[in-house]
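Open the model in your viewer and keep the sequence panel beside it. The stops below run from the whole chain to single residues.

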Amino acid sequence: VTTGSTSGILTIQTAIPNSTSLIRTSSDAINLQLVIAPSAFTGATSLPQISIQALIGDITVNGLNGVLNVRGNSGNVTVTNAKLINGSKISTGQGNVTFNGTLLSPQDTTTDASFIIQSEKGQIDVTLPNAPTTNVVLSASTNVGTIHSDFPITPTTDGNGASFRGPLNSSAAVQSIAVLTLNVSTGNISIHKT
């Protein structure tokens, strides 16, 4: 493990010794847990931008707020107790993506914002508060799979897939133009409300 810090950027890189090909046994693995104290953000003028990526294995993020760019290649990605800011993207190539948190959309409903959650092959499971703060346009699609939502939306089915574009929370007094994109090539999309 090598670490470094420059101008507020913490970089952690890990490598498996003598791994000229794919991991061969379960003992050839690295489990990395990084705990960041809230005091690390004391006095910050803006919420952090956090990038996490793993080529193989699961990623679990708990309690981070900011612009999150979490990317897996082969493995599940779970983000809980998080507040996403405009520009956040959570994705994996093969695996499930689970998000349970809040979208911090701009208070001005005419301001653009984008939140993306996607998987090439796997399930997407999103839990959001049923509150006026969840005021976004939902753009959800799966090429092969279904869309289920606790919010009152009516997806369109097309062959083996389904899609929906429209307000996620139609009861909002003024509809926001912020967009939540949920996209999976093969797999189901589930949207829950708390």
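**Whole chain**

Colour by secondary structure: the chain has 16 strands and zero helices, where helices (H or I, at least four residues) and strands (E, at least two) are DSSP runs numbered from the N terminus. This is a predicted model, in which local features need pLDDT of at least 70 and side-chain atom pairs count only at pLDDT 80 or more, while totals for chains, interfaces and linings use all residues. Residues are numbered from 1 along each chain as its sequence is written, and side-chain values use heavy atoms, with hydrogens and water left out.

Of the 194 residues in the chain, 35% are buried (under 20% relative accessible area, 1.4 Å probe, protein chains only).

**The core**

Select V79, I90, F99, I117, L138, L180 and L182. In the largest nonpolar core, which has 36 residues, these touch the most other members. Such a core is a set of buried Ala, Val, Leu, Ile, Met, Phe, Trp, Tyr and Cys residues joined through side-chain atoms within 4.5 Å. Strand β6 (residues 77-85) gives the most to this core, with four residues.

Next, centre on I90. Leaving aside residues up to four places away in sequence, its contacts (heavy atoms within 4.5 Å) include V79, F99 and I117.

**T142**

Move to strand β11 (residues 137-144), where T142 is found. T142 has a relative accessible area of 4%, so it is buried. Show its surroundings: beyond four places in sequence, T142 touches I147, G161, A162, V184, S185, G187 and I189. A polar atom of the T142 side chain lies 3.2 Å from the backbone oxygen of V144.

Finally, draw a C-alpha to C-alpha distance from T142 to S119: 9.7 Å in space, across 23 residues in sequence.

Note on methods. Buried < 20%, exposed > 50% of the residue type's maximum accessible area, 1.4 Å probe, protein only. Polar contact = N/O pair within 3.5 Å; in protein donor to acceptor, adjacent residues only side chain to side chain.
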